[in-house]
Amino acid sequence: MDATQSKEITTVTRRDVLTGGGALFVSLYCPSALATQPANGASLDPGSLGSWLEIRSDNTVLVRTGRTETGTGMSGYYPQVVAEELRVRPETVSLLMGDTDKTPDGGYSAGFLYGMTNVRKVAAYTYQALLKLAANRLGVAPSELTVLDGVVSGGGHRISYGSLVEGQHLDLRIPIGGQPANPAEGKWADVTSLDGLTVLGNPPMKPMSEFTVIGNSHPIPGIPDKVTGNTLWTCDVRLPGMLHARVVRPPTFGSTVITVGPLDKNSFPTAALVRKGNLIAVVSPNEWEAVVAAQSVAATTRWTEWSGLPRSENLSKALRERDWGPPLQSKGRSEDVVASLKEAAKTVSASYEQPYVRHAPIGPFNAIASVHVDGTTTVWTHSAHSQGMRARLAGILGVSIENVVVRWLDHAGQFGRTTLGGDGAEADAVILSQLTGRPVRVQWTLQEDLAWSSVSPAWVSNAEAALDASGHITAVRTAFYSPHPYDVRPVGALLAGIHGKAPSPTASIDTVWAYDRIPARFEAAYAMPNLGAQTPTAGLRGNIMRTPGQRQQNFVLESLIDEAAALAGADPIEFRIRHTSQDRLIKVLTATAQAAGWQSRPAPQAGARKQPTQGLRGRGVCAIIRQNAYWAGIAEVEVIPATGTIEVIRFSIGVDCGKVINPRQLKRCMQSGVIMGLSEALKEEVTFDTSKVTSTDWSRYRILTMAEVPEIRIVQLSRNDKGFGGGSEAANAVVPGAVAAAFFDATGVRARRIPLTPAYVTELLRQPGKEPLRGLSEAPQAAPLYCAL
Amino acid sequence: MTPRLRLSVNGIEHDVPVKPETPLIFVLRNELKLSGPRLGCGMAQCGACAVLVDGTEVRACVTPVSFALGKRVITLEGLPALWAAQRKLDPPAAARTLHPVQQAWIDEQVPQCGYCQSGMMIAAVQLLSRNPDPSVAQIKDAFTNTPPSPHLCRCGTYAAIIEAVQRAAKAMQA
């Protein structure tokens with residue numbers, strides 16, 4: 001964009017002169033072909049009030065974004081970014097998130113850096129426009145004006161933003177590009193767009209060195225309501241005439257209905273059975289009646305039998321025995337690696353295994369849908385990609401996307417499960433509402449959620465490294481094998497037979513290579529369909545989950561580097577630093593080591609023995625680069641051989657994510673990321689038999705408890721010269737590698753799979769000198785359930 | 001017609017038309033429109049639905065409403081009044097005062113998604129009523145080993161909760 005266009009963009013047009021109130025509306029202006037397409041709902045009509053930002057005459061600012069709060073604090077960061085550019089106080093900025101009819105941009109919530117760049121530019125354009133308005137009003141050149149807390153000063157005059165817009169109705173139009181989400185069955189994730197719209201151009205923006213709002217620990221706006229009970233959660237939506245629904249799910253992935261059990265109208269007078277294909281539900285105006293009636297129907301409904309999964313304890317073997325064909329994606333030059341391996345003084349070769357894990361929200365999913373006869377539909381959801389969900393539901397209902405409105409509300413954290421605009425209870429809700437002609441609220445049970453939601457796929461990986469005589473790595477070769485990772489078709493639609501087209505197998509290399517001083521490298525990623533893909537429910541539907549793909553691949557790469565360091569007799573941190581020229585990585589490794597009190601020495605520790613009488617201490621490190629953020633994690637553990645338990649005593653985590661927006665919230669996200677990572681390192685595994693998931697409650701799908709939380713030390717390296725980076729997500733991904741390395745340091749035994757459960761640790765320590773070659777899974781024993789009361 | 005049951009919740013008597021075996025959580029949420037206690041596991045394994053009944057934490061998802069008849073039920077929404085009564089605050093002071101546990105949860109910015117936090121605050125109130133100055137080890141033990149199950153948080157706010165409980169303990173002793 002040239003300067004002339006920029007100038008026009010910041011010139012406001014006056015729409016009306018009002019007698020009271022007034023506002024500056026920053027609307028959309030589409031310079032591309034998009035402008036000629038029909039608007040997707042009111043929010044995209046450039047002449048409508050649907051807009052990104054409003055400056056109101058009461059000196060408040062309203063920002064609208066289709067991206068939502070997922071529990072990381074984004075609802076606090078957006079106001080900080082806008083307040084910074086507009087020179088207003090952050091508490092005067094309020095945020096409207098996620099409703100497809102009230103927000104302009106679309107896009108997935110985890111794409112904060114993308115969404116933030118949009119609203120930052122919007123605010124920057126608006127600031128220029130406000131300066132121009134003030135200059136005209138005050139008769140002072142814009143260059144002579146200064147702004148503090150929304151008050152413009154210059155030439156001895158002062159005027160607030162509110163006074164500038166009072167009594168007027170002003171439009172500012174800004175250029176956008178990109179694409180809103182539309183239904184596209186068969187395409188990647190079945191929607192056309194993940195990022196939504198993009199604000200174009202380069203308005204002048206405040207330099208980071210002058211930031212006064214960003215970098216402060218602004219409180220997250222939704223917290224007081226969550227603490228006092230005033231938040232309206234998705235599960236709180238109640239509509240007139242609404243029915244509560246409970247779904248009767250099949251007993252296996254492949255079962256189809258033979259006969260539906262009867263509904264006893266004497267016992268359940270206000271309940272009704274609803275069915276479409278294999279989607280069977282009981283609805284009632286009374287939630288408890290729906291629960292009990294659904295249990296009664298489930299007990300007498302007959303289904304076909306199916307089996308066809310390897311048991312989870314045989315999964316790794318099954319994946320290893322599969323003929324994967326050629327890799328779907330590869331990076332690097334294989335021949336260079338082969339040559340280096342041939343010439344190597346030493347080589348290390350290892351195979352790693354990671355289980356299926358799942359998002360496992362504390363609140364099982366729910367949704368409320370109101371589908372009208374004419375096809376107009378409103379859905380209340382907690383999807384983290386409202387526009388993507390809207391597109392998907394339009395496809396499922398067979399209606400035009402303009403007919404569907406998705407409203408977003410808070411719900412339990414879900415860690416990427418709905419990023420692609422799928423999975424969840426929304427499809428159940430729209431289908432049941434369409435069938436009953438009433439608003440329907442679908443509430444999944446925990447067992448349903450842990451059995452039928454999408455999962456983060458299992459991995460097996462092979463890795464090799466070549467070392468020269470000086471102990472420097474000359475080449476690395478890795479091969480990653482994993483089932484499909486992006487099938488988010490909602491189970492309700494699959495059961496109803498509506499949404500059936502399977503996505504093609506996909507694999508990707510998600511690593512960001514930290515060690516540029518290793519000269520040769522080759523990576524390959526192999527793909528297969530979902531396990532159980534042939535069933536009507538598509539089996540274990542793979543999905544992304546916090547630090548997707550890269551978490552699993554990084555565990556392999558960092559474990560391999562750790563094995564190479566031990567082979568070279570080098571300190572694991574010094575060894576890493578030796579193999580990289582990336583200054584930011586070196587600095588974060590060094591600062592985190594200092595925080596942890598790291599003493600330089602090779603692993604394993606001198607006293608490492610496998611069968612001691614008391615606990616063994618060890619420490620390990622892991623690094624990752626993701627989304628312009630450089631991370632280091634250091635675990636200090638005590639292994640208790642008698643019980644096979646690994647007690648993590650301390651975890652130090654450091655990050656350089658460019659400019660830190662909110663240090664306190666970043667600390668909270670780093671602490672909680674460590675906790676999720678420990679949960680993955682020590683406990684989490686989806687188990688299944690030959691026909692169904694068996695880890696369907698919290699005694700079988702184990703997650704970390706408070707008693708297992710170590711001391712967590714936090715290192716933040718904020719800087720003004722590298723933009724913004726992802727400061728939350730990858731915190732979990734440095735944990736499993738660091739814990740596995742610490743286990744080796746303590747015991748001298750390599751753990752090449754997670755989770756490091758007591759049973760696996762006991763087995764490792766029982767077989768001196770020999771790594772057990774076994775399946776991924778050992779079904780955790782169900783904990784005794786205490787009887788309530 | 002379903003007969004009405006008399007239930008005391010947050011200091012107010014309610015007559016609710018529910019069957020006595022109905023789990024307390026559905027009565028609190030659907031009849032009384034309280035959103036503090038939330039449905040989690042539905043089998044007393046997570047603590048998201050926790051409420052106080054006569055001062056003791058129970059899991060509303062598995063507790064029939066009949067158990068609470070004649071007893072005093074307190075949910076997240078009733079914590080400010082509980083504190084005001086304990087401290088004998090006059091009505092204007094009571095109206096602007098949160099329970100110190102709630103205030104600590106805000107000051108420490110504990111909630112991430114927040115779904116489990118109502119139950120966490122109920123557990124904190126119960127712990128501090130029995131141990132006004134708990135150590136970190138005692139806090140961890142209380143949130144993990146008090147029957148019927150650990151209080152689970154999937155976002156991983158445990159570290160923040162520990163800091164907030166310590167802050168609340170100080171405020172309550174002041």
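This is a predicted model: local features need pLDDT of at least 70, side-chain atom pairs count only at pLDDT 80 or more; totals for chains, interfaces and linings use all residues.
Residues are numbered from 1 along each chain as its sequence is written, and chains are lettered from A and ligands numbered from 1 in the order in which they are written.

**View 1. Overall fold of chain B.** Chain B contains seven helices and five strands, where helices (H or I, at least four residues) and strands (E, at least two) are DSSP runs numbered from the N terminus. Along the sequence these elements follow the pattern β-β-α-β-β-β-α-α-α-α-α-α. The radius of gyration of chain B, taken over C-alpha atoms, is 16 Å, close to the 16 Å that the globule rule gives for 174 residues, so chain B is as compact as a globular protein of that length; the rule is 2.2 Å times the number of residues to the power 0.38. Along the principal axes, the C-alpha atoms of chain B fill a box of roughly 50 × 40 × 25 Å.

**View 2. Packing of helices H5 and H7 of chain B.** Helix H5 (residues 117–130) of chain B packs against helix H7 (residues 158–173) of chain B at an angle of about 45°, with the axes 11 Å apart; axes are lines fitted to C-alpha atoms, for helices over the stretch in contact, and angles run from 0 to 180 degrees between N-to-C directions. H5(B) and H7(B) are therefore oblique to each other, on a scale where angles under 35 degrees count as roughly parallel, over 145 as roughly antiparallel, 65 to 115 as roughly perpendicular and the rest as oblique. The crossing of H5(B) and H7(B) is right-handed, meaning that the near helix is turned clockwise from the far one by less than a right angle. From H5(B), B:Met120, B:Ala124, B:Leu127 and B:Leu128 meet B:Ile161, B:Val165, B:Ala168, B:Ala169 and B:Met172 of H7(B), contact requiring C-beta atoms, placed from the backbone, to lie within 7 Å. The residues of this contact comprise nine nonpolar, no polar and no charged, with Ala, Val, Leu, Ile, Met, Phe, Trp, Tyr, Cys and Pro counted as nonpolar, Asp, Glu, Lys and Arg as charged, and the others, Gly among them, as polar.

**View 3. Packing of helices H2 and H3 of chain A.** The axes of helix H2 (residues 74–86) of chain A and H3(A) come within 8 Å and cross at roughly 30°, and H2(A) and H3(A) are therefore roughly parallel to each other. H2(A) passes H3(A) in a right-handed crossing. Among the residues making the contact are A:Tyr77, A:Val81 and A:Glu85 of H2(A), together with A:Met116, A:Arg120 and A:Ala123 of H3(A). By class, the contact of H2(A) with H3(A) has twelve nonpolar, one polar and two charged residues.

**View 4. An open sheet in chain A.** Three strands of chain A form an open sheet in the order S6-S7-S8, with antiparallel pairing; strands pair if DSSP finds at least two bridges between them. The edge strands, S6 (146–148) and S8 (157–160) of chain A, each pair on one side only. From one strand to the next, the twist averages 25°. Strand S7 (residues 151–154) of chain A pairs with S8(A) over four bridges in the antiparallel sense, and the bridge partner of A:Val151 in S8(A) is A:Ser160. Helix H3 (residues 112–138) of chain A lies across S7 and S8 of chain A, running at about 135° to S8(A).

Note on methods:
Two residues are in contact if their C-beta atoms, placed from the backbone, lie within 7 Å.
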